[in-house]
Amino acid sequence: MSGTAPAPTVSVSAVAKWYGNVVAVNDVTFGLEPGVTGLLGPNGAGKSTLLHLVAGLLRPSAGSVTVDGRPTFGDPAVYRRVGLVPEREAIFPYLTAREFVRLSAQLQGLPFGSGAVDRALGTVELANAADRELATYSKGMRQRAKVAAALVHDPAVLVLDEPFNGMDPRQRLHMMALLRALADEGRVILFSSHILEEVERVAERVLVVVAGRLAASGDFREIRRLMTDRPHSFTLRTSDDRALAGRLVGRPTVSGLTFEDGRLDVRTADFATFTRELPVLARDAGVSIFELAPADESLESVFDYLVRR
Amino acid sequence: MLGASVLGPLVNLTMRGLLGRRRILLVGLLALAPVGVAVVLVVGGGLGTTAQLTRQLYDSLVMTTIVPLVALVLGTTAIGAEIDDGTVVHLLTKPVGRGWIVFAKMLVAGTAGVALCGTSVLVAGILLVRLDAPGLVLGMLVGAVVAVIAYTAVFVTLSVWTGRALIAGLAYVLLWEGIISSFFSGTRLLSIREYGLAVAAGIAGPEAGTLARDVPLATGFVLAAVVTSVAFWLGARRLARFEISDAG
């Protein structure tokens with residue numbers, strides 16, 4: 001990307017999208033700057049709807065979505081600055097990857113022979129397979145072909161819907177490195193994922209969407225801390241639940257305790273201190289711990305917590 | 001926004017998408033049905049009333065069934081298939097005027113329809129009347145071409161407006177043109193088939209016989225052109241406001 005090109009501004013302001021009585025996205029506001037932003041949320045949270053709104057494929061029911069001050073919906077010219085990698089695998093099966101990326105270049109008005117097609121194919125490591133029909137491609141390869149097609153015109157804003165789906169671990173790492181490199185060139189990268197670790201590895205900022213609402217946004221480490229510091233529940237199976245409970249109940253880190261069906265459920269508001277104290281308390285009480293399992297570690301429970309805050 | 005320069009790539013893509021589908025073979029066979037019928041008639045004899053037989057074949061088979069169905073499949077496949085399978089997103093995320101996309105789809109579907117139906121009418125016509133009634137053959141050819149262009153334009157637009165374009169198109173051809181128009185002569189002014197027949201009869205002149213229509217030749221041409229233009233305008237307008245969403 002040219003170093004002199006102005007940094008893109010992406011603004012989502014009080015946006016809502018509903019289909020009849022179903023609200024897909026509700027009152028969401030955020031801005032995007034150059035760098036990688038991860039859009040995190042459980043399946044069905046409204047991530048794709050939000051990405052499609054940003055990419056100008058959906059008309060907001062309320063609010064506005066703009067790129068460089070221009071509404072994204074109903075203005076094809078916005079795609080000179082925006083590239084989209086959709087989640088759906090749909091791709092023209094009868095084209096080779098080179099033809100697919102060339103079509104994208106032609107529809108972007110790039111001059112023939114500019115080298116953009118080869119560059120884009122090289123960037124996603126498809127140069128060697130570029131002359132095979134897309135119908136013969138694996139899911140991961142199709143994903144990379146879509147990325148190449150979205151990158152061919154050097155967009156300032158790149159929107160990717162679940163870009164790591166179907167990729168093997170090596171391809172995943174390569175894609176992560178690619179997104180970081182593209183962001184370092186001054187691009188705005190927005191991608192969605194329902195996998196926390198993916199977002200953690202590549203995004204410096206995160207937007208957490210739950211049930212169509214923005215549950216949290218900002219620096220990823222801050223969100224991570226919120227997620228870590230939330231009240232946690234653990235289930236314990238020990239040689240003497242009652243003896244260990246006697247020790248635990250006096251600790252300020254423990255906020256609740258129950259016996260049920262031969263197991264001990266413990267709630268703590270201070271995850272880090274509790275996990276340090278527990279082995280010491282068990283040893284002092286002469287209790288063996290057979291099993292220690294988090295009771296609410298699913299992403300959904302993390303998201304629920306963020307929404308309730 | 002980009003203009004005519006994108007037409008080539010769009011036409012090329014549409015052609016490959018259309019010709020690569022198995023249903024194009026069925027459409028080809030359907031389009032050639034009149035030639036098959038003509039061969040049977042010629043081989044089977046009974047050539048005494050050939051011109052009248054040709055008119056009947058044209059009126060009751062070609063313009064009632066073959067031309068609209070060929071146009072229906074081509075028109076709804078040209079962009080409807082891309083909307084159904086989601087590949088249209090790769091076209092809509094480009095700085096391309098939506099009118100060019102619709103135009104390219106109509107151009108390819110219309111050209112394929114003209115090639116198939118035009119060839120079929122020409123060959124069947126010559127087989128049946130040979131060079132005895134050149135005006136009739138020319139009239140039938142131009143009438144079929146005018147009708148297939150208007151039909152494909154309407155069906156391309158229909159598939160941008162609704163996911164059930166095939167059913168809606170069939171309802172138009174079978175119910176509106178097939179039944180309602182035959183009972184209520186006033187509705188014929190809203191029938192592409194009637195425009196095609198008016199053009200065919202107008203060009204055939206005295207050879208038109210039972211094909212003769214109340215609608216004059218020029219009116220048939222103008223109405224077909226109006227329908228095609230309005231269909232294009234509506235299709236481009238709809239695609240410009242088209243929304244795409246994945247679940248989630």
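At roughly what angle do the axes of helix H8 and helix H9 of chain A cross? They cross at roughly 125°, and the axes come within 10 Å. Keep in mind that this is a predicted model. The predictor gives the complex an ipTM of 0.85, alongside a pTM of 0.83.

**Confidence**
- Chain B has a mean pLDDT of 89, and 96% of its residues reach 70 or more.

**Domains of chain A**
- Chain A splits into domain 1, covering 10-227, and domain 2, covering 230-308.
- Taken over C-alpha atoms, the centres of domain 1 and domain 2 of chain A sit 40 Å apart.

**Where chain B meets chain A**
- The contact draws 30 residues from chain A and 29 residues from chain B.
- Sorted by class, the chain B side has 12 nonpolar, 10 polar and 7 charged residues.

**H8 and H9 of chain A**
- H8 runs over residues 241-248 of chain A, and H9 over residues 271-285.
- The crossing of H8(A) and H9(A) is right-handed.
- From H8(A), the contact uses A:Ala243, A:Leu244, A:Arg247 and A:Leu248; H9(A) answers with A:Leu281, A:Ala282, A:Asp284 and A:Ala285.
- That contact of H8(A) with H9(A) has 6 nonpolar residues, 2 charged ones and no polar ones.

**H2 and H3 of chain A**
- Helix H2 (residues 97-107) and helix H3 (residues 116-123) of chain A have axes that come within 9 Å and cross at roughly 125°.
- That angle makes H2(A) oblique to H3(A).
- H2(A) and H3(A) make a right-handed crossing.
- H2(A) brings A:Ala97, A:Arg98, A:Val101, A:Arg102 and A:Ala105 to the contact, while H3(A) brings A:Ala116, A:Val117, A:Ala120 and A:Leu121.
- By class, the contact of H2(A) with H3(A) comes out at 7 nonpolar and 2 charged residues, with no polar ones.

Definitions and conventions:
Residues are numbered from 1 along each chain as its sequence is written. Chains are lettered from A and ligands numbered from 1 in the order in which they are written. This is a predicted model: local features need pLDDT of at least 70, side-chain atom pairs count only at pLDDT 80 or more; totals for chains, interfaces and linings use all residues. pLDDT is the predictor's confidence in each residue, from 0 to 100. Domain bounds come from an automatic or database domain assignment. Two residues are in contact if their C-beta atoms, placed from the backbone, lie within 7 Å. Ala, Val, Leu, Ile, Met, Phe, Trp, Tyr, Cys and Pro count as nonpolar, Asp, Glu, Lys and Arg as charged, and the others, Gly among them, as polar. Axes are lines fitted to C-alpha atoms, for helices over the stretch in contact, and angles run from 0 to 180 degrees between N-to-C directions. Helices (H or I, at least four residues) and strands (E, at least two) are DSSP runs, numbered from the N terminus. Angles under 35 degrees count as roughly parallel, over 145 as roughly antiparallel, 65 to 115 as roughly perpendicular and the rest as oblique. A crossing is left-handed if the near helix is turned anticlockwise from the far one by less than a right angle, and right-handed if clockwise.
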